[in-house]
Amino acid sequence: MNLLFGRTISLQLRLTVAVVLSVLLILGDRYTSGGTLVRTSLNTLVSPLLYVANVPYEVFSLGAKSLDTRDRLFQENEALRKKQLLQSEQLQQYQFLLRENQQLRALLGASSRQQRERLIAEVLSVRSSRYSHQVVVNRGAIDGVLEGQPVIDEMGIVGQLTQVGSTTSRVLLMTDTTHATPVRILRNDVRTVVEGTGKINLVQLQHVPHSLDIRLGDILVTSGLGGTFPEGYPVAVVTEIDRDEGLPFSKVYAEPVAQLDRIRLLVILGKMAKEEPEA
């Protein structure tokens, strides 16, 4: 077998041939388009090898990126969870303050027709028995309150002050058996009186004639008579009417509008101003 660079060819000759071929390739690449074609073809042939050689690096990079993303997601998830917990606590506080604010606004805006002094009071204790319904509030003589002042909540009439101490007062609820509230039917302005029954969710209209125009669902509001309760405050809603002709009067029951079993904040209204007699 004859080799181009056999042992018989000298080293100088082989170097000369290599230099000449290199010069020819450089000149051919410089002044012809064949070199570019050859180079492009070679790149096309070796490009799959480049992709294969780059696979380990891509796999390693993707794994590192995945681990980094996972750790970052865990951290972000933990941060969001803590943030959500804090916001949940703030939301609960906000809802409590919002509800309390609405109650205070409802209390202060319960009557727009009469400008009265109003005093916010908080229930300290509840003293209830079978027929006696009373609560003690944190307002007393040093706050300027007097016996007989009406007390309301955000819904309507609660009762009136009966005993005033120096720093606390006792409120007789409208459901107490000794309490009576002059009312009128909002629908037709018929006047009557509501009395307590000893049940926290029930009052009774006394001495109601069979012919009285009263219906289930009628709203009873204070009539203003008696000088204790100002006119127009919601008192109760009629829930039961028994027109037994064998009895002298109809039995009419109503449910108080005020949430007497859950009152906490109350408003003590100033007493009605007495009208000065005309000269």
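What follows is a short chat about a predicted model of one protein.

Student: What should I know before reading numbers off this model?
Tutor: The model is predicted, so residue numbers run from 1 along each chain as its sequence is written, local features need pLDDT of at least 70, and side-chain atom pairs count only at pLDDT 80 or more. Totals for chains, interfaces and linings use all residues, and side-chain values use heavy atoms, with hydrogens and water left out.

Student: How many helices and strands?
Tutor: The protein has 2 helices and 12 strands. Helices (H or I, at least four residues) and strands (E, at least two) are DSSP runs, numbered from the N terminus.

Student: What pattern do they follow along the sequence?
Tutor: It reads α-α-β-β-β-β-β-β-β-β-β-β-β-β.

Student: How much of the protein is buried?
Tutor: Buried residues are 27% of the 279 residues. Buried means under 20% relative accessible area, exposed over 50%, and partly exposed in between (1.4 Å probe, protein chains only).

Student: And what is the accessible surface?
Tutor: About 19000 Å², with 57% belonging to carbon and sulfur atoms. Areas come from the Shrake-Rupley method with a 1.4 Å probe; for residues, only the protein chains shown count as cover.

Student: What share of contacts links residues 24 or more positions apart?
Tutor: Such pairs account for 57% of the contacts with a separation of 6 or more. Contact means heavy atoms within 4.5 Å.

Student: Let's go inside. Which residues touch the most other members of the largest nonpolar core?
Tutor: Val158, Leu205 and Leu220, out of 38 residues in that core. Strand S12 (residues 265–269) gives the most to this core, with 5 residues. A nonpolar core is a set of buried Ala, Val, Leu, Ile, Met, Phe, Trp, Tyr and Cys residues joined through side-chain atoms within 4.5 Å.

Student: Where is Val158?
Tutor: Val158 sits in strand S4 (residues 157–164). Its relative accessible area is 0%, so Val158 is buried.

Student: What does Val158 touch, leaving aside residues up to four places away in sequence?
Tutor: Its contacts include Val151, Ile152, Leu172, Met174, Ala258 and Leu266. Val158 and Met174 are 16 residues apart in sequence, yet 5.9 Å apart in space, C-alpha to C-alpha.

Student: New spot. Is Ser169 buried or exposed?
Tutor: Ser169 is buried, at 2% relative accessible area. Ser169 lies in strand S5 (residues 169–173).

Student: What does the side chain of Ser169 reach?
Tutor: The backbone oxygen of Arg139, at 2.5 Å. Beyond residues up to four places away in sequence, Ser169 also touches others, including Val135, Gly140, Leu161 and Val164.

Student: Which residue forms a salt bridge with Arg139?
Tutor: Asp143 does, with the closest N and O atoms 3.5 Å apart. Arg139 is partly exposed at 23%, and Asp143 is partly exposed at 31%. A salt bridge is a side-chain nitrogen of Lys or Arg within 4 Å of a carboxyl oxygen of Asp or Glu.

Student: Why would such side chains pair?
Tutor: Side chains of opposite charge can pair when their charged atoms come close.

Student: How many salt bridges in the whole structure?
Tutor: The search finds 8. One of them joins Asp261 and Arg262 at 3.3 Å, N to O. Both Asp261 and Arg262 are exposed.

Student: What about Asp213?
Tutor: Asp213 pairs with Arg215, the closest N and O atoms being 3.8 Å apart. Asp213 is partly exposed at 35%; Arg215 is partly exposed at 47%. Salt bridges that share partners join Arg187, Asp213, Arg215 and Asp218 into one network.

Student: Back to the surface. Which residues form a nonpolar patch?
Tutor: Leu13, Val17, Val20, Leu21 and Leu24, with about 420 Å² of accessible area together. Patches are made of residues with over 30% relative accessible area and no salt bridge: like charges are joined within 9 Å, nonpolar side chains (Val, Leu, Ile, Met, Phe, Trp, Tyr) within 5 Å.

Student: Where is Leu24?
Tutor: In helix H1 (residues 11–31). Leu24 is exposed, at 52% relative accessibility.

Student: Backbone now. What is the phi of His207?
Tutor: About 55°, a positive value although His207 is not a glycine. Most residues other than glycine have a negative phi. His207 is in strand S8 (residues 202–208) and is exposed at 56%.

Student: And what of Asp189?
Tutor: Its phi is near 65°, also positive. Asp189 is in the loop between strand S6 (180–185) and strand S7 (191–199). Asp189 is partly exposed, at 46%.

How values were computed
Polar contact = N/O pair within 3.5 Å; in protein donor to acceptor, adjacent residues only side chain to side chain.
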